[in-house]
Every structure is written in structure tokens, then in C-alpha cells.
Amino acid sequence: MTTVYDIPADMLIRQAAEELKKNPAIQPPDWADFVKTGVHKEMPPENDDWWYVRAAAVFRRIYTDGPVGTQRMRSIYGGKHDRGSAPSRFKRGSGSIVRKIFQQLEAAGYVAHTSEGRTVTAAGRSFLDNVANNVKPQVSGISPGIAKY
């Protein structure tokens, strides 16, 4: 069976976001329309469904890199902070967004909180593997040299 490791991340995240939209436990908070994703950003995301895309991306990272915690996920989603004439510095992404997504994935039963960090449960592993299996027919038509990874 196809797993998360066999599918390009962009295709898997796009499809997983569509599937997570159907789950009532994964909903953007009221403040999600106005918030930036970190201090290094100047504007909020333009995509209306950015919460689901970020949740799918975080879910995939937990699957591949787990167990992970809030600080590691903040570092993953951080970026270069423009300080004007001073040299740029790296700043971590928003911790509140990561924590809320962790909590929602836990409420959905896809992620468990352990002493080492968040890990994927059997239900979460099954969910992502099924999404990867559904994406596989779309990927099989692309030759490996042309595929965008």
C-alpha cells in the first residue's frame, strides 16, 4: 500500500487539506481571518483555506518527523524577519497556530500527546495513508524526472 513517503508533499497536503475540511473537529478559530502566521510575515495569508492547508502540512510533518513539539514546528514554519536597514534575522512562526492545530488533530483522534511530543495515532496513520493511496493514481502518470518535489 502507498504511504506518505511515496507521494510528493504538495500533492498530499492539498488532498489531505480537502479531507480535513470534512472533519468537524478541524475548524479555523475566529481570529484566523486576521492573524499573521509569524512575526516575519507582513500580511495574513491570502488563501481562504490556509488553516486546513497548514493543518495538513503539520499533520504530515508529525507523521514523517514525529514525535515533534511546538517549538520544532515553530522553527519549521519560521522565516527571515526584515528589520529594515539592519540585517535580517530568523524568527520562528506562530506558536498559537501550531498549538491550536495540535489540539484539533488530537480532538479528531489523529494525533496523541506523549512525553516526547506529538505522535500520529493508528487512526491518523490510516487517514494519511488512505489519502496517499487516493493520490497515487494522479502521481503514477508523471515520470520521476519531471515530477515537482
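**View 1. Surroundings of Leu105 in the predicted model.** Residues up to four places away in sequence aside, Leu105 touches Ile26, Ala55, Phe59, Ile62, Tyr110 and Val111; contact denotes heavy atoms within 4.5 Å. The model is predicted, with local features requiring pLDDT of at least 70 and side-chain atom pairs pLDDT 80 or more, while totals for chains, interfaces and linings use all residues. Numbering starts from 1 along each chain as its sequence is written, and side-chain values use heavy atoms, without hydrogens and water.

**View 2. The largest nonpolar core.** Phe59, Ile62 and Leu105 touch the most other members of this core, which holds 36 residues. Such a core is a set of buried Ala, Val, Leu, Ile, Met, Phe, Trp, Tyr and Cys residues joined through side-chain atoms within 4.5 Å, buried meaning under 20% relative accessible area with a 1.4 Å probe, protein chains only. At least two core residues come from each of α1 (9–21), α2 (50–65), α4 (95–108) and α5 (122–140). The most are given by α2, with 10 residues.

**View 3. Order of the elements.** The protein contains 5 helices and 4 strands, assigned as DSSP runs (helices H or I, at least four residues; strands E, at least two) and numbered from the N terminus. The elements follow the order α-α-α-β-β-α-β-β-α from the N terminus on.

**View 4. Burial and contacts across the chain.** Buried residues make up 38% of the 149 in the protein. Of the contacts between residues at least 6 apart in sequence, 66% join residues at least 24 apart. The C-alpha trace spans about 50 × 40 × 30 Å along its principal axes.

Key. Buried < 20%, exposed > 50% of the residue type's maximum accessible area, 1.4 Å probe, protein only.
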